[in-house]
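Please consider the structure shown below.

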Amino acid sequence: MRVYTKYIRTDRRKPKGFFTFYLLPFTSLLSCLSCFLFLSVSLISAQSGGTFEIRKSVIANGGGSASGGMFSLDSTIAEPVAGTVSSGGHFSLTGGYRAGSAPVTAQNFAVFDFDGDGRTDASVFRPNPTNLLDNPAPEGSSSQWWLLRSSDQGTLGLTFGFPTDQLVPADFTGDGKADIAFFRPSTGQWFVLRSEDLTFFAFPFGASGDIAAPGDFDGDGTADPAVFRPSSGTWFIFRSSDQQISSIPFGVSVDRPIVADYDGGGKADVAVFRTTDNKIWLLRSTLGVKAYQFSSPGDRTAVGDWTGDGKADVAFYRPSDSSWFVIRSEDDSFFSFPWGVSGDIPVPGDYDGDSRTDPAIWRPSDRTWYIFGSTNGFEAINFGATGDVPLPSSVSVN
């Protein structure tokens, strides 16, 4: 492993055109469509100080001008106070597919944390391996999972599943570690490899054509199996706390699920990305419905708590120019920064364990992870093989 420090390129970038917010007060799911406020804001370039460099922070908080960072807005959207200066700030991630125990403000729950140390682990799924591994697995399993534990730099390789399975690693057993898991769309079966002893269990939940979208929807610290059914625009959630099923109509056939805790309520929220018009719709457990239009065709979602307020921020990665764009959950203002090159795959996560999202990419050409830690700075980790799928990218949709 090679570790060294490097500064980020600092050319100015901004999204194309406009972005639009839809703010919907939620009284009931059936009435929300009749009461909304439409707000459209043009993007501006609010820079000061000329050429600059980013070391371990980005712009946080909305308002007047940006100093020492990227882009911001000239006013704070949907907030009574505007015109403040944005500076400093950090990355964070407490939303998304949780891989730790119950959400507590003072603790860190990193996604794809397979060893329980509070840090995202470099990890890949190998659909068509050339070598065989000997471990208990469902009969006929051919694909492999490879993990690089951040706690001791040890590696683990396991055969589990088929190339066509949907990857859904999460903490299904409540031990504070992500379990290797997949959903088989053809049969509606879930398969979970326990992190405690590497034994597996399977259960049916869903139907052919469903999209798996697990998350801790009841806030008990254990991931709940859930599916989004495009044919009816309905979510089905099997709660681990009481073994009951919730049925929630939210979405249309073209939507893709993007589960995260968007309101900081300690529970995963139902949410979708609508590919036809690049809108994101949230059904927050405590704050109701909210919608954003904030991306361009080809962008990939990169949801996480980038601002460290305990709420997931809507974010995306633009492969065409390797730019990242984040809407702050605090005030709906916006910032952007470059990280990566053409052909990279976005793999954001909390790689340094500070409860903040770190921008990261996996580069297929050299099989290297390039991570910009909000605390530890730049790190490069060579891990993976040609044809691998980096696991943190499995929750990114476009």
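## Serine 322

Serine 322 is buried, its relative accessible area being 2%, where buried means under 20% relative accessible area, exposed over 50% and partly exposed in between, with a 1.4 Å probe and protein chains only. The model is a predicted one, in which local features need pLDDT of at least 70 and side-chain atom pairs count only at pLDDT 80 or more, while totals for chains, interfaces and linings use all residues. Residues are numbered from 1 along each chain as its sequence is written, and side-chain values use heavy atoms, with hydrogens and water left out.

The loop between strand 19 (315–318) and strand 20 (323–327) holds serine 322; strands are DSSP runs of E with at least two residues, helices are runs of H or I with at least four, and both are numbered from the N terminus. A polar atom of the serine 322 side chain lies 3.4 Å from the backbone oxygen of glycine 340. Between serine 322 and phenylalanine 337, which are 15 residues apart in sequence, the C-alpha to C-alpha distance is 8.8 Å.

## Positive phi values

Most residues other than glycine have a negative phi. Phenylalanine 112, although not a glycine, has a positive phi of about 55 degrees; this residue is placed in the loop between strand 2 (37–42) and strand 3 (122–126), and it counts as buried at 3% relative accessibility.

Leucine 198 also has a positive phi, near 60 degrees, and lies in the loop between strand 8 (189–193) and strand 9 (200–204). At 32% relative accessibility, leucine 198 counts as partly exposed.

## The chain as a whole

The protein chain has 0 helices and 26 strands, and of its 398 residues 56% are buried. Among contacts (heavy atoms within 4.5 Å) between residues at least 6 apart in sequence, 45% join residues at least 24 apart.

## The largest pocket

What is the volume of the largest pocket? It is about 410 Å³, and of the 23 residues that line this pocket, the closest to its centre are Gln166, Ser393, Ser394, Val395 and Ser396. On a 1 Å grid over the protein atoms alone, a pocket is an open set of points where a 1.4 Å probe fits, with protein on both sides within 12 Å along at least five of seven lines, and lining residues have an atom within 4 Å of a point; points are joined across faces, edges and corners, and the volume is the space filled by probe spheres set on them.

Strand 6 (166–167), strand 10 (211–212), strand 14 (255–257) and strand 26 (389–390) each supply at least two residues of the lining.

Conventions
Polar contact = N/O pair within 3.5 Å; in protein donor to acceptor, adjacent residues only side chain to side chain.
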